[in-house]
Amino acid sequence: MISKKIILTGSFGVGKTSLFNQFIYNRFDDKYLTTIGVKVNKKVIEIDGKELSLLIWDIAGEVSQDKVPNSYFLGASGIVFVFDLTRPSTYKNIANEIKYLQEIGDPNSIIKVVANKSDLVDEEKINEVAAEIQRPWDVITSAKTGENVQELFRELGRELIDAAE
Amino acid sequence: MQQNEKTGIRHLSKFSQFFLLDDRAQLLASCDSIVATQHLPQRPVTDWFPFLESIFQQVKSLQVDTAEIHFQKITIPHHQLPGIYDFSFRRIQLREGAFLLWRIFDYTALYEDLQHYQQRRNELEIHREMLELRQRQMRSRRDLNDGFNLVLENFNHLQIAYFNHLRRALQSPVNMLDGFRPEVTLQAANATQYYIQHLSQLLQHLQSAMAEWQSYAPATALVEASHFSPAALVQQLGINFREQLGQPLAIQFASVLPERLQGDQGGLWQILAMLLYSAAAYHPDSSFELEIRAQVAGEVAHLTVIVRESLGREQSKARSDQDDLQLVTRLSLARQMVEWQGGQIRVSNDAKQLAIAIELNLNYRFA
């Protein structure tokens with residue numbers, strides 16, 4: 001079985017732990033509970049008949065990615081950068097954040113940008129953010145409704161398998 | 001401080017535990033101070049510990065002389081390690097060979113306090129961001145409203161100016177036509193009277209249109225302040241009256257009349273012209289008089305102008321309902337214009353066959 005380490009990162013309060021819980025346990029809690037350090041767990045999924053163990057690191061949110069200990073990124077095959085569609089502070093500096101992640105992460109790691117909390121915004125707001133943001137997102141999710149959460153990790157898993165082959 | 005008998009590794013009981021691993025992640029020894037390893041299945045540690053699974057390839061590459069790797073504040077949800085721990089990895093050299101030393105340190109109590117503080121800090125920060133966002137939205141909305149109001153105000157000014165311009169452009173010719181019409185009608189031949197009737201209808205349309213335009217231009221905006229001499233204004237009016245109608249206009253000035261006033265000079269001219277030319281149509285033998293006087297109150301001059309016609313309507317003159325309607329319309333227009341300027345108009349006697357006096361009261365500031 002293939003094992004891949006995936007990092008969930010981004011500013012605090014953007015919903016990384018909620019995505020983590022939704023993906024692994026299929027559950028959501030409205031109450032905000034900050035993550036301290038890192039939470040680690042895994043989920044085995046099957047993609048095209050192949051079993052893939054996704055080892056998810058849910059990292060405590062930091063305003064700037066350079067505050068995250070570099071050791072967390074050791075051996076990470078995938079990095080999921082999450083931001084909150086309702087809070088400009090979580091995406092206003094996204095280009096620099098992604099550049100930093102590319103520099104400190106494995107050169108072959110796959111980076112996904114996720115716009116979370118789609119359940120809290122309408123289409124007009126989404127278009128407004130799309131016009132404003134420096135780097136387009138890869139997927140819009142809602143950890144609350146589960147929208148695109150499984151799809152995000154499955155797509156990332158598929159790309160990781162393709163890259164491994 | 002305790003020392004493991006087998007490996008000689010020292011550790012703080014309860015707060016830390018060591019695990020000695022080979023390169024296949026097989027557990028060789030532990031002190032069992034936090035996790036009871038004797039109950040774990042005889043499989044690689046990575047199988048029951050996802051954190052280690054995710055990092056083992058990197059840990060395995062450690063050499064005896066390379067620095068220890070530290071990971072702080074690790075939580076593994078729903079695991080037999082329920083707290084928050086720090087992990088460290090290093091390769092050590094023992095008699096039997098080089099092995100991986102994994103140590104865990106239980107700082108749960110400390111990190112829970114830190115988590116509590118971090119929770120509060122993050123909540124406050126998110127709250128502050130949301131407040132800022134809301135304030136920015138409110139500012140944007142207010143700016144938008146201000147902008148909209150400015151556009152609306154400019155539009156109103158433009159509208160008022162436009163309709164005022166139309167009204168002013170047409171007022172004098174309409175007054176003149178209106179004044180001449182009855183006299184011309186009497187002297188004209190039948191054929192010409194047909195055209196004059198049409199002209200009268202056209203005049204009525206114009207007067208109606210002007211009344212409508214006035215409704216688009218609020219009273220306050222009609223006042224286009226300019227400096228003028230009330231005496232000079234009525235003298236010029238008298239000259240025009242004589243030139244256009246061939247009749248003299250007697251003008252009575254009060255002994256004390258302000259030299260210069262500030263206000264809607266054009267509007268005053270139009271009102272007086274409208275009243276005089278209308279009065280001129282009453283009787284061919286009428287004489288006309290205009291009296292002007294002022295009463296000063298602080299910075300304001302209360303101007304009173306009285307237009308007098310001596311005979312009233314000619315008894316023998318056949319007058320139609322249309323003529324009466326026109327008289328009412330003209331007086332109504334004059335009244336409206338006076339009221340727009342904040343003044344009053346009073347007709348002291350408008351009964352048929354009697355002399356008419358129309359009194360205007362308007363306020364002006366001193367120039």
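**Entry 1. Conventions.**
I number residues from 1 along each chain as its sequence is written, and chains are lettered from A and ligands numbered from 1 in the order in which they are written. Because the model is predicted, local features need pLDDT of at least 70 and side-chain atom pairs count only at pLDDT 80 or more, while totals for chains, interfaces and linings use all residues; side-chain values use heavy atoms, with hydrogens and water left out.

**Entry 2. Chain B overall.**
I looked up the make-up of chain B and found eight helices and 14 strands. Helices (H or I, at least four residues) and strands (E, at least two) are DSSP runs, numbered from the N terminus. Of the 367 residues in chain B, 43% are buried. Buried means under 20% relative accessible area, exposed over 50%, and partly exposed in between, with a 1.4 Å probe and protein chains only. I also took the contacts in chain B with a separation of 6 or more: 64% of them are between residues 24 or more positions apart. A contact here means heavy atoms within 4.5 Å.

**Entry 3. The interface in totals.**
I counted 29 residues of chain B in contact with 30 residues of chain A. The area buried between the two chains is about 2,600 Å², and carbon and sulfur atoms give 61% of that area. Buried area is the accessible area (1.4 Å probe) that two parts lose on being put together, summed over both. The rule finds 17 residue pairs in polar contact across the interface of chain B and chain A, both residues at pLDDT 80 or more. A polar contact is a pair of N or O atoms within 3.5 Å; within protein, one must be able to donate a hydrogen and the other to accept it, and residues adjacent in sequence count only if both atoms are side-chain atoms.

On the side of chain B that touches chain A, the elements giving two or more residues are α2 (50–60), β5 (69–75) and α3 of chain B. The largest share, 12 residues, comes from α3(B). I sorted the residues of this side into 14 nonpolar, 10 polar and five charged. Ala, Val, Leu, Ile, Met, Phe, Trp, Tyr, Cys and Pro count as nonpolar, Asp, Glu, Lys and Arg as charged, and the others, Gly among them, as polar.

**Entry 4. Salt bridges between the chains.**
The structure holds 19 salt bridges over all chains. A salt bridge is a side-chain nitrogen of Lys or Arg within 4 Å of a carboxyl oxygen of Asp or Glu. Two salt bridges cross the interface of chain B and chain A.

I noted E53(B) with K42(A), where the closest N and O atoms are 2.9 Å apart. I also noted E129(B) with R87(A), at 2.9 Å from N to O. E129(B) lies in helix α3 (residues 108–187) of chain B and R87(A) in the loop between β4 (76–84) and α2 (94–104) of chain A, so the pair joins two chains. R87(A) counts as buried at 1% relative accessibility, and E129(B) is buried too. Leaving out residues up to four places away in sequence, R87(A) touches S11(A), F12(A), G13(A), V14(A), I126(B), E129(B) and M130(B).

**Entry 5. Salt bridges within a chain.**
E128(A) is partly exposed, with a relative accessible area of 41%.

In chain B, E291(B) forms a salt bridge with R308(B), with 2.9 Å between the closest N and O atoms. E291(B) lies in strand β11 (residues 288–297) and R308(B) in strand β12 (residues 300–309), so the pair ties together parts that are 17 residues apart in sequence. Salt bridges that share partners join E289(B), E291(B), R293(B) and R308(B) into one network. E291(B) counts as buried at 15% relative accessibility, whereas R308(B) is partly exposed at 28%.

**Entry 6. The sheet.**
I traced an open sheet of 11 strands with mixed pairing, in the order β6(A)-β5(A)-β4(A)-β1(A)-β3(A)-β2(A)-β5(B)-β6(B)-β7(B)-β3(B)-β4(B). The edge strands, each pairing on one side only, are β6 (139–140) of chain A and β4 (27–30) of chain B. Two strands pair if DSSP finds at least two bridges between them. Strand β2 (residues 38–47) of chain A and β5(B) pair in the parallel sense over two bridges, and the bridge partner of K39(A) in β5(B) is T75(B). Strand β5 (residues 110–116) of chain A runs parallel to β6(A), joined by two bridges; there A115(A) stands opposite I140(A).
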